[in-house]
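Subject: Handover of a structure and notes on it

Dear colleague,

Please find below the structure that I am handing over to you.

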Amino acid sequence: MAKTMVFVTNQFSCDRLIFAAQAVAERSKTQLDIVQILDREYDLDPKAIDYLFMLAKKANARMRLVSAEDKIALMKSVIDAPDVDFIVTGMPNSHKSILYELWKEFPAKRFHVVDETGELIEVASHKFAPA
C-alpha cells in the first residue's frame, strides 16, 4: 500500500504536522506513517512523545520512534522506500535546510510542508533552490 510519511520531533507543536499529513493521507487514500526522530537537537520530552503517539492512534497511523545520530541519512532511507509517495515536513528554517536537497534528490515524490499555523503547502517544484 502506498504511504504518506511525516517526520516529527518530540515537541507538542508537531501535532500540526500529523493533522496535515492525515489530510494528505485521506485525500490520497494512502497509509499514514509517522517517524518521530529523536536526536540531540531537542531534549527528550516523554509527555510530548505520549501526546504524539495518542494523535497517531486517533489518526489510525503507524508511528515509529527512532533515535538517529544521522537524521539526514535516516530521512533519506525512509523517503527512498518505493511505497512512500507523499512526504510531509515542517517549513525550511533557512536557505541551508536539508529539505531543498531532499526535494532535488527525490523528484518523483510529492512533498508538502506545513507552516507554523498548520497550513499545508505542496512543494510546487522539486527543482526549487534557494537563492
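The model is a predicted one, in which local features need pLDDT of at least 70 and side-chain atom pairs count only at pLDDT 80 or more, while totals for chains, interfaces and linings use all residues. Residues are numbered from 1 along each chain as its sequence is written, and side-chain values use heavy atoms, with hydrogens and water left out.

Strands and crossovers

Helices (H or I, at least four residues) and strands (E, at least two) are DSSP runs, numbered from the N terminus. I call a residue buried under 20% relative accessible area, exposed over 50%, and partly exposed in between, using a 1.4 Å probe and protein chains only.

Strand S1 covers residues 3-8, and because six of its six residues are buried, S1 is largely enclosed by the rest of the structure. In a regular strand the side chains alternate between the two faces of the sheet. In S1, Lys 3, Met 5 and Phe 7 point one way, Thr 4, Val 6 and Val 8 point the other way, and all are buried.

Which strands pair with S1? Two strands pair if DSSP finds at least two bridges between them. S1 is joined by six bridges to S2 (residues 31-38), and these two strands run parallel. Within this pairing, Thr 4 stands opposite Leu 32. The chain passes from S1 through helix H1 (residues 15-28) to S2, and this β-α-β crossover is right-handed; that is, with the strands pointing away from the viewer, the path from the first strand over the helix to the second runs clockwise. S1 also pairs with S4 (residues 84-90) in the parallel sense, over four bridges. There, Val 6 has Val 88 opposite.

Strand S2 is mostly covered as well, with eight of its eight residues buried. On one side are Gln 31, Asp 33, Val 35 and Ile 37, and on the other Leu 32, Ile 34, Gln 36 and Leu 38. S2 pairs with S3 (residues 62-67) in the parallel sense over six bridges. Ile 34 has Met 63 as its bridge partner in S3. From S2 the chain crosses through helix H2 (residues 46-58) to S3, and this β-α-β crossover is also right-handed.

The largest pocket

On a 1 Å grid over the protein atoms alone, a pocket is an open set of points where a 1.4 Å probe fits, with protein on both sides within 12 Å along at least five of seven lines; lining residues have an atom within 4 Å of a point. Grid points are joined across faces, edges and corners, and a volume is the space filled by probe spheres set on the points.

What is the volume of the largest pocket? The value is about 680 Å³. The largest pocket is lined by 25 residues, and Thr 9, Tyr 42, Gly 90, Met 91 and Asn 93 lie nearest its centre. S1, H1, H3 (71-79), S4 and H4 (98-105) each supply at least two residues of this lining, and the largest share, three residues, comes from H3. By type, the lining holds 13 nonpolar, seven polar and five charged residues. Here Ala, Val, Leu, Ile, Met, Phe, Trp, Tyr, Cys and Pro count as nonpolar, Asp, Glu, Lys and Arg as charged, and the others, Gly among them, as polar.

Single residues

Thr 9 lies in the loop between S1 and H1. With a relative accessible area of 11%, Thr 9 is buried. The side chains of Thr 9 and Gln 11 are joined by a polar contact of 2.6 Å (a pair of N or O atoms within 3.5 Å; within protein, one must be able to donate a hydrogen and the other to accept it, and residues adjacent in sequence count only if both atoms are side-chain atoms).

Lys 29, in the loop between H1 and S2, has a positive phi of about 55° although it is not a glycine. Lys 29 has 69% relative accessibility and so counts as exposed.

Yours sincerely,
A colleague
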